[in-house]
Amino acid sequence: MAIDEGLLKSIPYFSGLSTAELDSIKAHIFERSIEGSGLILLEGEPADAMYFVASGVVKVFKTSSEGKEQILSFVRPGESFNDVSVFDGEPSIASAQAVKPAVLYGIRNSDLDLILRNHPQVSLNVIRVLSRQVRHLVSLVEDLSFKHVISRVAKILLEYASDGTEPKSRLTQQEMAALAGTAREMVGRSLRSLEDEGAIRLDHHRIVITNKEALREMAER
């Protein structure tokens with residue numbers, strides 16, 4: 001299957017590159033299809049490639065020795081994962097699993113070195129991408145350390161609710177718990193509290209945001 005040039009242009013790593021440069025980079029990209037909710041890589045394994053999501057959604061997560069899962073992010077089309085482990089040459093710092101069938105674009109370590117040497121703009125883009133990832137992780141640590149569970153749940157609802165311009169995967173309460181660093185039961189209580197506040201409506205298995213401003217205020221507490 002041919003690499004989608006339009007998608008490549010939307011990937012922050014390749015921002016500002018000419019068509020000729022993108023054509024050169026295409027030669028180093030391989031495609032990988034993931035069926036169902038297949039595991040892509042495991043924390044601690046050698047990192048032999050970085051990946052970009054072409055279609056589908058990928059969950060990046062850590063797992064404790066007791067089996068508790070902390071979701072770090074959901075990676076969507078145009079976004080990347082396993083970047084840090086490839087750049088520093090250390091084992092993968094987190095596991096990755098497809099949430100639904102996905103198509104990935106990958107670049108192997110040796111090819112990435114060649115791209116960085118031949119395309120200085122990509123090196124500049126790397127700094128910006130990794131800086132955004134650091135900001136995201138600092139924000140996650142701040143939320144887990146200083147915010148109440150109900151505030152974390154409100155923020156998750158704001159971040160992952162569909163705005164009507166693109167479909168988004170519906171999160172289960174277990175996934176929300178893994179994002180919020182808490183138990184599923186606590187997420188259920190938080191959702192009921194948010195409903196009592198008039199910020200959301202629980203409609204069977206759907207969560208409907210009824211007052212975004214109220215939800216935003218709860219997320220900032």
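Axes here are lines fitted to C-alpha atoms, for helices over the stretch in contact, and angles run from 0 to 180 degrees between N-to-C directions. Helices (H or I, at least four residues) and strands (E, at least two) are DSSP runs, numbered from the N terminus. The model is predicted: local features need pLDDT of at least 70, side-chain atom pairs count only at pLDDT 80 or more, and totals for chains, interfaces and linings use all residues. Residues are numbered from 1 along each chain as its sequence is written, and side-chain values use heavy atoms, with hydrogens and water left out.

**View 1. Helix α6 packs against helix α8.** α6 covers residues 149-160 and α8 covers residues 184-196. Their axes lie 9 Å apart, at an angle of about 75°. α6 is therefore roughly perpendicular to α8. Angles of 65 to 115 degrees count as roughly perpendicular, under 35 as roughly parallel, over 145 as roughly antiparallel and the rest as oblique. From α6 come Val149, Ile150, Val153, Ala154 and Leu157. They meet Met186, Val187, Ser190, Leu191, Ser193 and Leu194 of α8. Contact means heavy atoms within 4.5 Å. By class, this contact of α6 with α8 has nine nonpolar, two polar and no charged residues. Ala, Val, Leu, Ile, Met, Phe, Trp, Tyr, Cys and Pro count as nonpolar, Asp, Glu, Lys and Arg as charged, and the others, Gly among them, as polar.

**View 2. The largest nonpolar core holds 25 residues.** Such a core is a set of buried Ala, Val, Leu, Ile, Met, Phe, Trp, Tyr and Cys residues joined through side-chain atoms within 4.5 Å. Buried means under 20% relative accessible area, exposed over 50%, and partly exposed in between (1.4 Å probe, protein chains only). Val153, Leu157, Met176 and Leu194 have the most contacts inside the core. Two or more residues come from each of β5 (69-75), α6, α7 (173-180), α8 and α9 (212-219). α6 gives the most, with six residues.

**View 3. Four strands form an open sheet.** The order is β1-β8-β3-β6, with antiparallel pairing. Two strands pair if DSSP finds at least two bridges between them. Strands of a sheet pair through backbone hydrogen bonds, either parallel or antiparallel. β1 (29-34) and β6 (80-81) are the edge strands, each pairing on one side only.

**View 4. Strand β3 pairs with β8 and with β6.** β3 spans residues 49-55, and β8 spans residues 102-108. Six bridges join these two antiparallel strands. Alanine 49 has arginine 108 of β8 as its bridge partner. Valine 53 stands opposite leucine 104 in β8. Two bridges join β3 to β6, again in the antiparallel sense. Here phenylalanine 52 stands opposite serine 80 of β6. β3 is mostly covered, with six of its seven residues buried.

**View 5. Helix α4 meets helix α5.** α4 is residues 109-118, and α5 is residues 120-146. The two pack at an angle of about 110°, with axes 5 Å apart. α4 is thus roughly perpendicular to α5. Ile115, Leu116 and Asn118 of α4 make the contact with Pro120, Val122, Ser123 and Val126 of α5. These residues divide into five nonpolar, two polar and no charged.

**View 6. Histidine 119 sits in the loop between α4 and α5.** Its relative accessible area is 7%, so histidine 119 is buried. Leaving aside neighbours within four places in sequence, histidine 119 is in contact with Glu21, Ser24 and Ile25.

**View 7. Aspartate 113 lies in helix α4.** Aspartate 113 is partly exposed, with a relative accessible area of 42%. Serine 33 is 80 residues away along the chain. The C-alpha atoms of aspartate 113 and serine 33 are separated by 24 Å.

**View 8. Asparagine 82 and histidine 204 have positive phi, although neither is a glycine.** Asparagine 82 has a phi of about 70°. Asparagine 82 lies in the loop between β6 and α3 (83-88). At 13% relative accessibility, asparagine 82 counts as buried. Histidine 204 has a phi of about 55°. The place of histidine 204 is the loop between β9 (200-203) and β10 (206-209). At 79% relative accessibility, histidine 204 counts as exposed.
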